[in-house]
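Please take a moment with the sequence and the model before reading on. The paragraphs below go from the helices to the loops, and then to the contacts between side chains.

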Amino acid sequence: MVKKLSAEFLGTFWLVFGGCGSAVLAAAFPGLGIGFAGVALAFGLTVVTMAYAVGHISGGHFNPAVTLGLVAGGRFPAKEAIPYIIAQVVGGIAAAGALYLIATGKAGFDVTASGFASNGYGEHSPGGYSIQSAILIEVILTAFFLIVIMGATDNKAPKGFGPLAIGLALTLIHLISIPVTNTSVNPARSTAVAIFQGTWALDQLWLFWVMPIIGGIMGGLVYKFILSDK
């Protein structure tokens, strides 16, 4: 279990550090910014790389919504869910802390004013989308993320390609939803940066726990009862 939790800690650390780090440090760099498409790719690459690196140890969840979705889908024991979620949240916070120390090394950087790659809706949505839009997109995309995860890792799926499919799915999810919520589908990722942003991100954090978890459970149940042969 220690190895599993360590793998979840490291995987979530890498996801937050790589994905949110690309948004905070590289996305808007004058003349060389990678843009939101680059950020989307960065999130996908973090999952691909760590799923191959430690997925064989812990299953490569790196996300409380994924863990709970896999519980609902019958792919993961419920008794291990809480330790996994704790490891994921702590790993994300550690990554955000490291990112904070790096970002504040630049003169004039304001973690609160920058948003620090936090998720938001309404006036804090990158595109000004409403809470209704945020709710729908987080539920739908997390549900489909779970369907992809469960399908790509099914015993009948092509072997060895699961992490690639999952990483590409996360890239696509970000390409769709960065303008709406800055893309969560992962409560650990949202919590990690919201703690350091410290104001509106914490006020809106509830949505980025509740909706991805609902979506994850829906996706797990859809795959279990509609798509699975079992």
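What covers the buried residues of H6? In this predicted model, the cover includes helix H3 (64-72), H7 and H10. Helix H6 itself runs over residues 131-152, and its 22 residues reach 31 Å from the first C-alpha to the last, close to the 32 Å expected at 1.5 Å a residue. Its buried residues are Ala134, Ile137, Glu138, Val139, Leu141, Thr142, Ala143, Phe145, Leu146, Ile149, Met150 and Ala152.

Ser177 is placed in helix H7, which spans residues 162-181, and with a relative accessibility of 1% Ser177 counts as buried. Once its neighbours within four places in sequence are left aside, Ser177 is in contact with Ile137, Leu141, Asn182 and Thr183; of these partners, Ile137 and Leu141 are among the buried residues of H6. Thr183 lies in the loop between H7 and helix H8 (187-197), where its relative accessible area of 0% makes it buried, and Thr183 has a positive phi of about 60° although it is not a glycine.

A positive phi is also found at Phe116, another residue other than glycine, where the angle is near 55°. Phe116 belongs to the loop between helix H5 (111-114) and H6, and at 1% relative accessibility Phe116 counts as buried. The structure holds six aromatic pairs. One of them joins Phe109 and Phe116 edge-to-face, with 6.4 Å from centre to centre and 65° between the planes. Phe109, for its part, is partly exposed at 24% relative accessibility, and one aromatic cluster is formed by Tyr100, Phe109, Phe116 and Phe196.

Charged side chains come next. Side chains of opposite charge can pair when their charged atoms come close. A search of the whole structure finds three salt bridges. In one of them, the side chains of Glu80 and Lys4 meet at 3.7 Å, N to O. Because Glu80 lies in the loop between H3 and helix H4 (81-103) whereas Lys4 lies in helix H1 (residues 2-26), this pair ties together parts that are 76 residues apart in sequence. Glu80 is buried, with a relative accessible area of 14%, while Lys4 is partly exposed at 29%.

Arg75 forms a salt bridge with Asp154, and the closest N and O atoms of this pair are 3.5 Å apart. Arg75 is in the loop between H3 and H4 and Asp154 in the loop between H6 and H7, so the two tie together parts that are 79 residues apart in sequence. Here Arg75 counts as partly exposed at 34% relative accessibility, and Asp154 is buried with a relative accessible area of 16%. Asp229 and Lys156 also form a salt bridge, with their closest N and O atoms 2.5 Å apart. This pair links distant parts of the chain, since Asp229 is in the segment after H10 and Lys156 in the loop between H6 and H7, 73 residues away. Asp229 is exposed at 62% relative accessibility, as is Lys156, with a relative accessible area of 68%.

Ile217, Leu221, Val222, Phe225, Ile226 and Leu227 make a nonpolar surface patch of about 540 Å². Leu227 is found in helix H10, residues 207-227, and is partly exposed with a relative accessible area of 44%.

Note on methods
Residues numbered from 1 in each chain as written. Predicted model: local features only at pLDDT ≥ 70, side-chain atom pairs only at ≥ 80, totals over all residues. Heavy atoms only, no water. Patch = residues over 30% accessible without salt bridge, like charges linked within 9 Å, V, L, I, M, F, W, Y side chains within 5 Å. Areas by Shrake-Rupley, 256 points an atom, 1.4 Å probe, with all protein chains shown as cover. Salt bridge = Lys/Arg side-chain N within 4 Å of Asp/Glu carboxyl O. Helix = DSSP H or I, 4+ residues; strand = E, 2+ residues; numbered from the N terminus. Buried < 20%, exposed > 50% of the residue type's maximum accessible area, 1.4 Å probe, protein only. Contact = heavy atoms within 4.5 Å. Expected span 1.5 Å × (residues − 1). Phe/Tyr/Trp six-rings, centres within 6.5 Å; stacked < 30°, edge-to-face > 60°.
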